[in-house]
Amino acid sequence: MTTDLAAFAADRGVKYFMISYTDLFGGQRAKLVPAQAIAAMQQEGAGFAGFATHLDLTPAHPDMLAVPDPTSVIQLPWKPEVAWVASTCVMEGEAVAQAPRNVLRRLIAEAATEGMHVKTGIEAEFFLLSPAGDQISDPFDTASKPCYDQQAVMRRYDVVREICDYMLDLGWNPYQNDHEDANGQFEMNWEYDDALATADKHSFFKFMARSVAEKHGFRATFMPKPIPGLTGNGCHAHISVWDAPGKQARVNVFAAPKGDGPTAELGLSEQGKHFLGGIMKHAPALAAITNPTVNSYKRINAPRTMSGATWAPNSVTWTGNNRTHMVRVPGPGRFELRLPDGAANPYLLQAVIIAAGLSGVRSKADPGKRHDIDMYAEGHTVTDAPKLPQNMLDALRAYDKDSGLRMMMGDAFSTSYIKMKLQEWHDYTAHFTQWEKENTLDI
């Protein structure tokens, strides 16, 4: 049943709605709409100049209308007179094909026609820094092995507790919070859900974490590698496929009795095997979406960190319950993709997982050899596995060459995404750095 947003406002004491959408670069854009105007906005949408954000549009394009999706509405726990609602981007009566949430919705519908309903959970890692972003917020967080540091997590208890309390109030079923492997880094986990619901929650979580951090005088960042020498921010995704969406789901179609073969031994069904095969097949191109920034490649191609491990892959390999690979199968019926980082667009992350997996199921892709070694210590012995891209340009070129994945994600989206990310790359290469002066000035 569709939620009437005006009635929602009257019932909850909401005075304003943030009608929000996410652009191609993951930027969250919104208009603040008085509750008395929301009835019309629910039907017609709020008008935006798409060119003013990171979308492949021009000033000559007509208004882009962000039509709120009432199923996504969330009352801000820290400012309850405001409610956030994700939206569907429309232009002249047609869905904007390049808009990330639209890309995901189309792929969810396409998978559903084949009886596949993808559910995911994500592990959102972030740093708490000073307001300027130039140092860790906790000057006492200096341990060489800071992961799960009891004292350090309690020094930031007020921030972590407040965010977790809000997730509890929202019914997200959070189940653990911890200090992560880098100084100043934290991770918060909540229950898995349908791909669109997870994407909406992921988008809202980033907004919420930043807002709460600012309230306490800190800055939360999901930047992939904000501090040299420390572990970066991953955004691991746990993936399963079910027979129906939402609460109707009864059967995990990735789960199977353990049998013979590299995937069957781990309790992964034939469909799960082929879905994994699609992820492995498209991995180099996948990185253009899961690792979308210049900084992303300082995480997945990082040297040894202070804690002793990067916790990020650099080769296209999969395994059982072993965290040194790009994909691990920790138990029957699901697998974990460890490639994505904190800069991943919440909607495009889910979309590209479905696109690659659906492609693999259709082509009956094989994930290849299972490697059960410690890739950090013995990775040099694996000579038959592709390497992940070295930089953003390599990833974009891999995506451009992967016609199958590009087609699955949609031609309009893929063309616009490659075009705009190449512009970003060119902006980066045109920037003069201190490193260049230090290494070239006297040559």
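Guide: Strands are DSSP runs of E with at least two residues, and helices are runs of H or I with at least four, both numbered from the N terminus. The model is predicted, so local features need pLDDT of at least 70 and side-chain atom pairs 80 or more, while totals for chains, interfaces and linings use all residues. Residues count from 1 along each chain as written, and side-chain values use heavy atoms, without hydrogens or water.

Take the second largest pocket. It holds about 640 Å³ of space (filled by probe spheres set on joined grid points). A pocket is an open set of points on a 1 Å grid where a 1.4 Å probe fits, with protein on both sides within 12 Å along at least five of seven lines; lining residues have an atom within 4 Å of a point.

Here 37 residues form the lining, and Glu-123, His-238, Arg-323, Arg-328 and Glu-336 lie nearest the centre. Strands S8, S9 (174-179), S10 (185-190), S13 (235-242) and S16 (334-337) each give two or more residues. S8 gives the largest share, 6 residues. By class, the lining has 14 charged, 13 polar and 10 nonpolar residues.

Now stay with strand S8, where Leu-128 sits. Leu-128 has a relative accessible area of 0%, so it is buried (under 20%). Its contacts (heavy atoms within 4.5 Å) beyond four places in sequence include Ile-136, Val-159, Phe-186 and Ala-213. Gln-185 is 57 residues away along the chain, yet the C-alpha atoms of Leu-128 and Gln-185 are separated by 6.4 Å.

Conventions
Ala, Val, Leu, Ile, Met, Phe, Trp, Tyr, Cys and Pro count as nonpolar, Asp, Glu, Lys and Arg as charged, and the others, Gly among them, as polar. Buried means under 20% relative accessible area, exposed over 50%, partly exposed in between (1.4 Å probe, protein chains only).
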